[in-house]
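Let's take a walk through this fold, one neighbourhood at a time. Have the model open and follow along.

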Amino acid sequence: MPDRYAVIGNPVAHSKSPQIHAEFAHQTGQDLAYERLLAPTDAFIATANAFRAGGGRGLNVTLPFKGEAFRYAGRLSESARAAQAVNTLKFEGDATVGDNTDGAGLVNDLERNLGRAVAGARVLLLGAGGAARGVIRPLIERQPAQLVIANRTLAKAQLLAQSFRGGIEASAYAALAGRQFDLVVNATSASLTGELPPLPPGVFARGALAYDMMYGMDETPFLAFARAEGTATLADGLGMLVEQAAESFFIWRGVRPDTAPVLKLLRQATA
Ligand code: ATR
């Protein structure tokens with residue numbers, strides 16, 4: 001019997017994680033099975049417990065359960081603590097270890113796949129929900145020149161900025177007028193509903209990268225706006241997806257897969 005893993009979520013039918021992990025397993029010669037686990041929205045714990053009782057060794061956790069998984073884990077990594085969310089569970093004997101690889105996934109995608117240094121860059125993060133919180137710690141660790149969190153509801157950005165040590169600035173969108181950033185990351189859920197965060201024109205510095213954590217659809221309104229603003233480098237969140245999966249795979253198996261061929265495969269499939 002191969003070791004069992006799964007992605008748990010609701011919905012989960014369209015998750016690319018099974019394909020990604022199957023590629024990683026094949027590439028590294030690891031004997032594992034990876035499935036989709038649809039949990040009723042009110043039964044995360046029961047579903048996770050049943051998977052574990054059936055021999056499951058670990059779970060990737062996706063929407064809407066990352067907060068519940070955080071409370072479910074008996075032990076938490078520093079990344080999970082900072083994110084207040086868990087996207088990776090590892091079952092070790094009786095222990096349930098919760099980790100969060102989303103932030104590492106973003107930073108690895110920026111640095112390795114897109115060739116962008118976060119260190120020294122002026123970084124603008126859009127949104128102050130779970131997706132934004134999940135990536136702040138690894139961004140700050142790289143020591144950007146600035147990290148500004150912009151949110152429609154300014155108070156949420158202020159709370160989020162204060163909960164991390166280290167010079168994070170909170171801003172309303174309108175107050176960004178006249179400022180420029182090298183890296184603009186959309187961590188709002190606006191793309192899901194085809195909306196554009198109310199960015200003033202001119203925030204993209206020359207040579208800036210516009211990054212949308214969303215993937216798998218037509219160009220998002222945010223990326224279309226960046227393009228219209230003359231931004232040449234646009235990226236969606238597919239690379240982040242593959243990189244966070246690789247970090248989870250490493251946590252479970254102690255082996256680091258090569259992400260480049262898997263990302264290439266997924267890009268070909270969505271092209
Ligand atoms: P997630 O876990 O995906 O971050 P969330 O916690 O519901 O989801 O947070 C959604 C984020 O997207 C919030 O920062 C929200 O802004 P508000 O806090 O002001 O509501 C942001 N958001 C959603 N739709 C948006 C839009 N059309 N323009 C700008 N920001 C938007």
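T47 is buried, since its relative accessible area is 16% (buried means under 20%, exposed over 50% and partly exposed in between, using a 1.4 Å probe on protein chains only). You'll find T47 in helix α2, where helices are DSSP runs of H or I with at least four residues and strands are runs of E with at least two, numbered from the N terminus. Leaving out residues up to four places away in sequence, T47 touches I8, L37, L38, A39 and P40; a contact means heavy atoms within 4.5 Å.

A word on ground rules: this is a predicted model, with local features needing pLDDT of at least 70 and side-chain atom pairs pLDDT 80 or more, while totals for chains, interfaces and linings use all residues. Residues are numbered from 1 along each chain as its sequence is written, and side-chain values use heavy atoms, with hydrogens and water left out.

Back to α2, residues 44-53: its buried residues are F44, T47, A48 and F51. They sit on the same side of the helix because they cover an arc of only 95° around the axis, taken from the directions from the helix axis to the C-beta atoms. An α-helix has 3.6 residues a turn, so residues three or four places apart point the same way. The face turned away from the buried side carries exposed A50 and A53. Among the elements covering the buried residues are β1, β2, β3, α3 and β5.

Now for the rings. Phe, Tyr and Trp rings (the six-membered one for Trp) pair if their centres lie within 6.5 Å; planes under 30 degrees apart are stacked, over 60 edge-to-face, and the rest tilted. The count here is 7 aromatic pairs. Y34 and W252 have ring centres 6.3 Å apart and planes at 50°, so this pair is tilted. It ties strand β2 to helix α9, across 218 residues. Y34 counts as buried at 13% relative accessibility, and W252 does at 8%. Ring pairs also bring in Y5, making a cluster of Y5, Y34 and W252.

Finally, look at the open sheet: 6 strands, paired in parallel, in the order β9-β8-β7-β10-β11-β12. Two strands pair if DSSP finds at least two bridges between them. β9 and β12 stand at the edges with a single partner strand each, so one side of each has no neighbour in the sheet. β8 and β9 are joined by 4 bridges, and A150 has S171 in β9 as its bridge partner.
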